[in-house]
Amino acid sequence: MLKGKCALVTGSTSGIGLGIALSLARQGANIVLNGFGDAEAPKAEVAAVGKDHGIRVGYHGADMSKPAEIEALMAYAQAEFGGVDILVNNAGIQYVAPVQDFPAERWDAIIAINLSSAFHTTRLAVPGMLAKGWGRIINVASAHGLVASAQKSAYVAAKHGLVGFTKSVALETATSGITVNAICPGWVLTPLVQKQVDARAAAEGVDGEEAKRRMLAEKQPSLQFTTPDELGELSVFLCSSAANNVRGQAWAMDGGWTAQ
Ligand code: NAD
């Protein structure tokens with residue numbers, strides 16, 4: 001379904017980004033991976049699932065907090081893959097503290113990576129998408145793009161901002177073949193959330209399983225983690241022609257978190 005398209009997924013060396021990259025590769029898209037840590041294993045994994053389609057997989061290690069590196073990433077995608085047809089703004093970090101103790105440096109990093117990076121990739125991707133008459137922009141927001149939790153002021157501000165940004169660009173591109181949407185996961189058991197599981201287990205003197213159970217019970221009525229695979233399949237739907245008129249939405253996949 002996506003053969004010949006190029007999908008750039010930021011922050012795709014682990015977790016949700018890798019799950020989305022795998023789902024898009026299964027549909028035949030060429031993939032540009034990005035993120036920190038080992039890139040060889042994720043590259044091989046993505047290439048393997050797209051092998052039957054003969055996909056190409058690239059990698060660029062841009063730090064998404066740095067606009068000049070984002071420009072280099074987009075130039076790489078243009079030079080190697082003819083530009084980005086599917087842009088998944090997924091890179092993100094978390095930091096948990098009450099606002100009066102929140103380090104200003106962590107605030108700036110969260111806004112830069114979780115919000116401003118999407119502005120930079122989008123402003124650089126849209127001209128090419130307009131020229132081709134087709135594009136998909138998927139912003140990985142969060143349940144925290146729709147509702148708040150205590151001690152996550154920077155993250156909640158960035159994710160609400162990302163949902164607002166999504167709506168604005170969706171309106172600007174509404175009569176074009178480019179759709180722009182956000183997806184809003186609840187808890188997904190990735191390294192980002194494992195840190196919070198470990199912190200809760202330590203704070204409450206319980207084991208990891210009990211900490212997970214308590215986190216789910218507090219927020220996620222299904223009592224099940226959303227998976228990177230499920231988010232990947234939602235992304236495939238948003239890339240399909242069935243979703244041509246899904247525009248400016250913030251699509252929750254949160255086990256009922258935001259229905260409460
Ligand atoms: P993760 O920690 O597993 O993955 C984050 C990815 O981003 C990694 O590939 C990491 O290398 C990359 N990254 C971090 N900082 C970067 C930077 N400065 N430049 C480039 N890459 C960078 O986390 P995840 O849970 O998969 O999170 C992915 C996205 O999903 C984030 O935007 C997060 O806010 C969002 N999200 C996660 C959950 C959850 O429960 N895990 C829920 C809702 C939304």
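This is a predicted model: local features need pLDDT of at least 70, side-chain atom pairs count only at pLDDT 80 or more; totals for chains, interfaces and linings use all residues.

Residues are numbered from 1 along each chain as its sequence is written, and side-chain values use heavy atoms, with hydrogens and water left out.

**Entry 1: the ligand shell**

For "near" I used a heavy atom of the residue within 4 Å of the molecule. There are 30 residues around the ligand, and S14, N90, Y155, V188 and T190 come nearest.

I then sorted the shell by class, taking Ala, Val, Leu, Ile, Met, Phe, Trp, Tyr, Cys and Pro as nonpolar, Asp, Glu, Lys and Arg as charged, and the others, Gly among them, as polar. The shell has 16 nonpolar, twelve polar and two charged residues.

**Entry 2: backbone contacts and cover**

Next I looked up polar contacts, meaning pairs of N or O atoms within 3.5 Å; within protein, one must be able to donate a hydrogen and the other to accept it, and residues adjacent in sequence count only if both atoms are side-chain atoms. A polar backbone atom of V188 is 2.7 Å from an oxygen atom of the ligand. For F36, a backbone N or O atom lies 2.9 Å from a ligand oxygen. For G186, the distance from a polar backbone atom to an oxygen atom of the ligand is 3.3 Å. The ligand has 820 Å² of accessible area on its own, and the protein covers 93% of that (Shrake-Rupley method, 1.4 Å probe; for residues, only the protein chains shown count as cover).

I also noted the elements that give two or more residues to this shell: α1 (15-26), α5 (153-172) and α6 (191-204).

Where does N90 lie? I found N90 in the loop between β4 (86-89) and α4 (104-132). N90 counts as buried because its relative accessibility is 10%; my cut-offs were buried under 20% relative accessible area, exposed over 50%, partly exposed in between (1.4 Å probe, protein chains only). A polar atom of the N90 side chain lies 2.8 Å from the backbone oxygen of G11.

S12 lies in the loop between β1 (6-9) and α1, and S12 has 0% relative accessibility, so S12 counts as buried. I also checked S12 against L2: they are ten residues apart in sequence and 18 Å apart in space, C-alpha to C-alpha.

**Entry 3: S176**

I placed S176 in the loop between α5 and β6 (178-185). Is S176 buried or exposed? At 19% relative accessibility, S176 counts as buried. A polar atom of the S176 side chain lies 2.7 Å from the backbone oxygen of T173, and the side chain also reaches the backbone nitrogen of I178 at 3.0 Å.

**Entry 4: two positive phi angles**

Q151 is not a glycine, yet I read a positive phi of about 75 degrees there. Q151 is in the loop between β5 (135-140) and α5 and counts as partly exposed because its relative accessibility is 40%.

L223, also not a glycine, has a positive phi of about 60 degrees. I found L223 in the loop between α7 (208-219) and α8 (228-239). With 53% relative accessibility, L223 counts as exposed.

Conventions:
Helices (H or I, at least four residues) and strands (E, at least two) are DSSP runs, numbered from the N terminus.
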